[in-house]
Amino acid sequence: MPDTALLVVDLQSALLVGAHDVEGCLARVAALAGRARAAGAPVVYLRQRVDHPDVPADLLEVHPAVAPHPGDTVLEKDSADSFLGTSLDELLRGRGVRRVVLTGYATEYCVDSTGRSALSHGYDLVLAADGHTTPTRPADSPLPAAAQVVVHHNALFATILYAGRTVRVLPAAEIDFTTR
């Protein structure tokens, strides 16, 4: 059994409307999930609880392109940090996981918070460089463009230091669940 798990954060249909490179991201995450399952690695979906009465319930589910399979785990969360107030840490430790591969939405919120929390909880981290996305922004927005946010976070995680932890940023196609 591999000591690596795939985390799929907030890839819910309603949240992905207007996200940067959403189709490409979904395709890469789906391929990663397939490789994780084939290697016997746990695939864990974190799903943000969204309290919007105008959003149909089916749009709050994980996007069909990356939908959970039998045997995968789905955990509900209420904050950007997927470890906070969930059983994620207990689940991973119970399965002997020492390294997590991180994918999802939104790069600068839930993906960032979950990545840092994974490191603080003692896990090694692999960020799928092309397996996370964030909302696109209007051209006149004072915020950085979505593509810049993704590049910035990839660079940040490629250089961040956590004592005793390893952090790697790799294209999804280069992530292997059978070796460290």
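Is C25 buried or exposed? In this predicted model, C25 is buried, with a relative accessible area of 1%. That cysteine makes a handy way into the structure, and the wider picture follows from there.

Start with the cysteines. A disulfide is a covalent bond between the sulfur atoms of two cysteines. The structure turns out to have zero of them. C25 is in no disulfide, and the nearest cysteine sulfur, the one in C110, sits 14 Å away.

Now for the overall layout. The protein is built from five helices and six strands. Read from the N terminus on, these elements come in the order β-α-α-β-β-α-β-α-β-α-β. The radius of gyration is 15 Å, close to the 16 Å that the globule rule gives for 180 residues, so the protein is as compact as a globular protein of that length. Taken along the principal axes, the C-alpha atoms fill a box of roughly 45 × 35 × 30 Å.

Take Q12, which lies in the loop between β1 and α1. Q12 counts as buried at 1% relative accessibility. Leaving out residues up to four places away in sequence, Q12 touches R47, Q48, V50, L59, L60, E61, V62 and H63. Q12 and A67 are 55 residues apart in sequence, yet their C-alpha atoms are 9.2 Å apart in space.

One of the partners of Q12 is R47, a residue of strand β2, which covers residues 43-48. With residues up to four places away set aside, R47 touches D10, Q12, L60, E61, V62, V74, L75, E76 and K77.

Strand β2 also holds V43. V43 is buried too, with a relative accessible area of 1%. Beyond its neighbours within four places in sequence, V43 is in contact with L6, V8, A33, A36, R37, D72 and T73. Between V43 and L88, which are 45 residues apart along the chain, the C-alpha separation is 12 Å.

Which backbone angle stands out at D10? D10 has a positive phi of about 55° although it is not a glycine. D10 sits in the loop between β1 (4-9) and α1 (13-16), and at 2% relative accessibility it counts as buried. D10 is also among the residues that R47 touches. D21 has a positive phi as well, about 45°, and it is not a glycine either. The place of D21 is the loop between α1 and α2 (22-39). At 40% relative accessibility, D21 counts as partly exposed.

The backbone has one more detail to look at. The peptide bond from Y105 to A106 is cis, with omega near -10°. A106 is found in the loop between β4 (99-105) and α4 (107-120).

Finally, there is G34, found in helix α2. At 34% relative accessibility, G34 counts as partly exposed. G34 and A65 are 31 residues apart in sequence, and their C-alpha atoms are 12 Å apart in space.

Key
Residues are numbered from 1 along each chain as its sequence is written. This is a predicted model: local features need pLDDT of at least 70, side-chain atom pairs count only at pLDDT 80 or more; totals for chains, interfaces and linings use all residues. Side-chain values use heavy atoms; hydrogens and water are left out. A disulfide is a pair of cysteine sulfur atoms within 2.5 Å. Buried means under 20% relative accessible area, exposed over 50%, partly exposed in between (1.4 Å probe, protein chains only). Helices (H or I, at least four residues) and strands (E, at least two) are DSSP runs, numbered from the N terminus. The radius of gyration is taken over C-alpha atoms; the globule rule is 2.2 Å times the number of residues to the power 0.38. Contact means heavy atoms within 4.5 Å.
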